[in-house]
Amino acid sequence: MNLKTCWLITLLTVLLSVTGSVLRANESSGNYFNLPKLSLKEDRGLMQRNAADEFTLTSESGTTARRNYTSLKIAKNSNLSRMNYDEYKDNSSSLKTGKADYFSEKYLKKTVNEHKYWESEKHFGTAVVEMAIVEFIPWAISKWITKPGWANVGWQSWWSNIQKGWEYDGDNFLTNNFAHPYHGNLYFNTARTNGYDFWESMPFSFTGSLLWEYFGEYYRPSFNDWINTSVSGINLGEMTYRVSNLLTDNTTRGSDRVWSEIFGALVNPVRGFNRLISGEATKVHPNTKLFDVPVRIYVDAGMRRIVERGSDFSSDSVSTEGLLGFNLIYGNESYADLNIPFSRFRVWGHVSNGSSKLTDLFSYGWLTGWKLGGKGINKQYFSLNLAYNFMTNPAYEFGGPGVLGLFTLTNKVGEKNFIKSDFGLYAILMGSTSTEYFYGLDGRNYDFGPGPGILLQSSLTNGIWNYLTVNYQGFTIFTMSGSPDSKHYLHNGSISSTLPLNNYFAIGAEFSFYWRNSFYAEPNPDVSRTSPMGRLFFVTKL
Amino acid sequence: MKTLLYTLLIIFAFASGRSFADGPGVGKVSMKEDSQNAKKGWSSMFLEADYSYTRHLGEYEEVWGSSQAATLSFGKKFEKNWMLYFKTGYAKTSEWKDEREGNSMIPVLLGGKYYFDLGTVMPYFAFTNGFNVISQKYDNFGGKTDDMLVKYAWELGAGTYVNFTKNFALNATVSYNSSFYYIDAQMTGFVYSGGLSYFFR
């Protein structure tokens, strides 16, 4: 392993941290392009929010505008309908770019009153055409450029697929657990960015994937692809939709606007396309409420050392890798609406310089929830979440979409700190886990299957930094495809600590232990493998 | 057991929140409508009895031929265009010869319909998802095999209601199903069904 790379990444992180701090320090001067002013939003969300349904916005010229975001007004006035200038004018200062009288009153009135949001109406035809484009592009590239063979479809393969029905495919872990969900995210957004809500967009994801499986590939339709593409695509799709909404600032012009549109389109290409054809990418108009959701972003880097011990081999295997990661927390439990899907979600992951470049990626976003009790910082609620897991490293692989029921409680400890605890039950819909006795034609070396899981986690935190976190996740995967008549018990426990050096920079350490017990049918012997891992990192809050 | 678990998980994922809409604040608006619907109680429920003929495909068709089924559905109409329903029944393949050889199944399905209320005619798209409890008997080279299987099943189709009284409607559906059976011989087929529906209103 090359330690030089690890040190390089570490130095990069320090550089990133310092840069982040400098940018933050310069924030008020406004002399750099600050993506969507994320930290400002967070401050606004955390500190200036007066009541559950009320925002106080402070313009850069110092004037304060209050606006009641009652649910009805939000429905009428945000991204779902035409906004009336009289209702909006209290906040018209937000249409200014920091310079007085940037837009005239007449222009503002005209802009606000005449703008009708693209997503205020359902565009079924556009959604269908865009889905066809999303299906066509990867198929055409495979058919005429990369020519792998599976794109040679026609009446014969279509009828054959209709007759034969489902199978499980042999694709490698990255393709099945990451590439397919990304494609599903595009299907989902053909509806989501054309005026359909979260629930209404779900069938588009399932349908797009189903059409691809039956008619886009020569091979039989793959059941694991359908589940992974659709379910994880919905998960990823809603996240990219919301993050893209954070990035595109409708109130700016010039290079700020161009860059915000480019970043927004990179995160969500379908939305970027729709903004172009609807003219919203170039027109100055009010932002929706989705632009103002508070977020926290952390970037971390460091190194880890993984050991693999197995009952089926005599000596340990050791790997040391450099890691670069991120952690995005969208929304705020204090006032996010429990009934709006993904009004709160968390997504985090790492890339490494080891054999698996994308080494882990996780997310969960709530579908709905119920506040159970408590007030202030001491509260309890139950939420139903859509979860995504992706872990691949030299020692093991695990992934799959699932539904996570989460009981969360927070308890105040001292003046500023509190303990946040989560107790969750997973329903993994299509788990993928390492196996010793299955090797597919296209690089697959893992089993597929559903199963239950459990999550226990507790953190001592001040709301920004988690000083100490203890976590355990356990899963049982019943193999549906791969090693016959097998099942896997998976355990992953970790303890991590972060020591903040200032408001934006911290150092930390983590120790985790992954343990897989796999039970196989005769004559294959059962296998038990353990993988302790240590990680040192720097983390910066952007 | 694995299939049962699988099916329940998927049904759970689907059914977890159709009653909640999305978008800023819209969830609350829709919830009001939902609560209004809830007050109506039975008035949004419906009951349906259907007969269906399935033209199976592929290897399953070669072994077991076609099948016929009688099913009963019970569901709820939501605001706008959605219905959620539970469906079960009994199906038997045409190659049922005698007590020694045959294949029958009990489908247990949960599904949704997206309908267009055009007055007398209500066309819809339907998706159902669940599991088949399959019972099969056959001679396996002299040895008798008597299996009970639980396999994931789904069906996608289109159909229409024709309302001929305030409460009664005729129902006709054509759908494609691709249910699990054995990985090399899945239970695929086209289903043609018709029946009578009663809407509590």
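**Reading patches and rings**

Author: Let us begin with the surface of this predicted model. Helix α6(A) makes the greatest contribution to the nonpolar patch, supplying 7 residues.

Reader: Which elements of chain A each supply at least two residues of the nonpolar patch?

Author: They are α6 (124-146) and α12 (269-278). The patch covers about 1000 Å², and its members include A:V129, A:F136, A:W144, A:F273 and A:L276.

Reader: Is A:I145 buried or exposed?

Author: The general idea is that exposed means over 50% relative accessible area. A:I145, which is located in helix α6 of chain A, has a relative accessible area of 63%, so this residue is exposed. A:I145 is also one of the residues that make the nonpolar patch.

Reader: How many aromatic pairs does a search of the whole structure find?

Author: Over all chains, the search gives 62 aromatic pairs. A:F407 belongs to strand β8 (residues 397-413) and A:F423 to strand β9 (residues 417-434), both of chain A, so the pair ties together parts that are 16 residues apart in sequence.

Reader: What are the relative accessible areas of A:F407 and A:F423?

Author: For A:F407 the value is 28%, which is partly exposed; for A:F423 it is 39%, also partly exposed. An edge-to-face pair is formed by A:Y437 and A:Y520, with 90° between the planes and 4.5 Å centre to centre. This pair links distant parts of the chain, 83 residues apart. A:Y437 is in the loop between β9 and β10 (446-461) of chain A, while A:Y520 is in the loop between β13 (505-519) and β14 (527-541) of chain A.

Reader: Is A:Y520 buried or exposed?

Author: A:Y520 is buried, at 8% relative accessible area.

Reader: Which ring lies under the charged end of A:R346?

Author: Here one looks for a charge placed over a ring. The charged end of A:R346 sits over the ring of A:W348, 3.8 Å from the ring centre. In chain B, the ring of B:Y124 has the charged end of B:K113 over it, 4.3 Å from the ring centre.

Terms used. Residues are numbered from 1 along each chain as its sequence is written. Chains are lettered from A and ligands numbered from 1 in the order in which they are written. This is a predicted model: local features need pLDDT of at least 70, side-chain atom pairs count only at pLDDT 80 or more; totals for chains, interfaces and linings use all residues. Side-chain values use heavy atoms; hydrogens and water are left out. Patches are made of residues with over 30% relative accessible area and no salt bridge: like charges are joined within 9 Å, nonpolar side chains (Val, Leu, Ile, Met, Phe, Trp, Tyr) within 5 Å. Accessible areas come from the Shrake-Rupley method with a 1.4 Å probe; for residues, only the protein chains shown count as cover. A salt bridge is a side-chain nitrogen of Lys or Arg within 4 Å of a carboxyl oxygen of Asp or Glu. Helices (H or I, at least four residues) and strands (E, at least two) are DSSP runs, numbered from the N terminus. Buried means under 20% relative accessible area, exposed over 50%, partly exposed in between (1.4 Å probe, protein chains only). Rings of Phe, Tyr and Trp (its six-membered ring) pair if their centres lie within 6.5 Å; planes under 30 degrees apart count as stacked, over 60 as edge-to-face and the rest as tilted. A charge sits over a ring if NZ of Lys or CZ of Arg is within 6 Å of the ring centre and within 35 degrees of the ring normal.
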